[in-house]
Amino acid sequence: MIKNWKVTDLTNNRKSIIFDLDGTLADTGHDLINAANQCFIQLGKGKLLCPETDKLTALKGGRALLSLGFKKLNVKPSEELINEQYSLLLIHYEGAIDTFTKLNDDVEMTLKTLIHYEWVLGICTNKPERLARILLNNLGILDKFEALIGADTYPFRKPDPQVLIKSIESVGGAMAKSILVGDTLTDYQTARNAQIPIILVGFGPPGSAYEDLDPDRVLMNFATLPALADALIS
């Protein structure tokens with residue numbers, strides 16, 4: 001069902017699009033999985049995770065990958081162990097953050113088009129802010145965004161609606177003329193909690209969120225995003 005979003009904020013007409021990063025702008029799964037595997041290698045367990053079959057879990061972040069690895073070992077890890085290994089995972093990940101990571105098709109061109117048509121753009125990710133900044137810089141698109149908010153920028157993170165509201169405020173956008181573009185249930189819940197329209201990508205791995213949810217639009221090709229956004233926000 002398509003929702004009807006009405007403009008209620010008459011003091012600010014700046015249109016904004018806030019993007020998730022992992023799985024939305026870039027395919028980061030392989031490098032995240034490699035970083036998790038390095039943790040298990042150092043524990044003497046070898047490579048437990050597969051870049052092909054475990055990509056859906058990678059969209060949920062490093063802790064989810066670690067939990068999956070321990071599950072394959074039939075081990076129920078403590079929170080302390082997950083946190084300890086997650087700290088190591090981040091070190092491994094930073095050292096090889098873009099070995100396999102690449103932008104999804106037509107992302108850079110689409111960002112330029114959106115800016116040309118006076119959309120202001122931001123990032124709202126559950127990746128640590130510093131790592132997100134490094135990755136976007138390495139991918140050559142950091143300068144396209146007015147603001148970047150990561151998992152540790154504030155004491156709250158997605159799906160808490162406050163982080164999306166802060167993202168929109170940070171780019172100078174109007175709440176009534178803003179959209180979240182993401183790829184997971186977490187993104188969907190964040191947008192709904194903030195009462196902001198959500199566009200979910202439809203080109204992720206099998207089992208991606210859009211198949212079971214009711215987003216306002218599904219993005220099958222990034223080049224179509226300007227038209228989808230204009231149809232949602234006039």
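Modeller: In this predicted model, six strands form an open sheet with parallel pairing, in the order 5-4-1-6-7-8. Strands (E, at least two residues) and helices (H or I, at least four) are DSSP runs, numbered from the N terminus, and two strands pair if DSSP finds at least two bridges between them. The edge strands, each pairing on one side only, are strand 5 (147-149) and strand 8.

Biologist: Over how many bridges do strand 1 and strand 4 pair?

Modeller: Strand 1 (residues 15-19) pairs with strand 4 (residues 119-124) over five bridges, in the parallel sense, and S16 stands opposite V120 in strand 4.

Biologist: Is F203 buried, exposed or partly exposed?

Modeller: Buried means under 20% relative accessible area, exposed over 50%, and partly exposed in between, with a 1.4 Å probe and protein chains only. F203 counts as partly exposed because its relative accessibility is 30%, and its place is in the loop between strand 7 (198-201) and strand 8 (217-219).

Biologist: Which residues does F203 touch?

Modeller: Contact means heavy atoms within 4.5 Å. Leaving out residues up to four places away in sequence, F203 touches G23, T24, N104, L219, M220 and F222. F203 and G23 are 180 residues apart in sequence, while their C-alpha atoms are 9.1 Å apart in space.

Biologist: What should I keep in mind about numbering and confidence?

Modeller: Residues are numbered from 1 along each chain as its sequence is written. Local features need pLDDT of at least 70, side-chain atom pairs count only at pLDDT 80 or more, and totals for chains, interfaces and linings use all residues, while side-chain values use heavy atoms, leaving out hydrogens and water.
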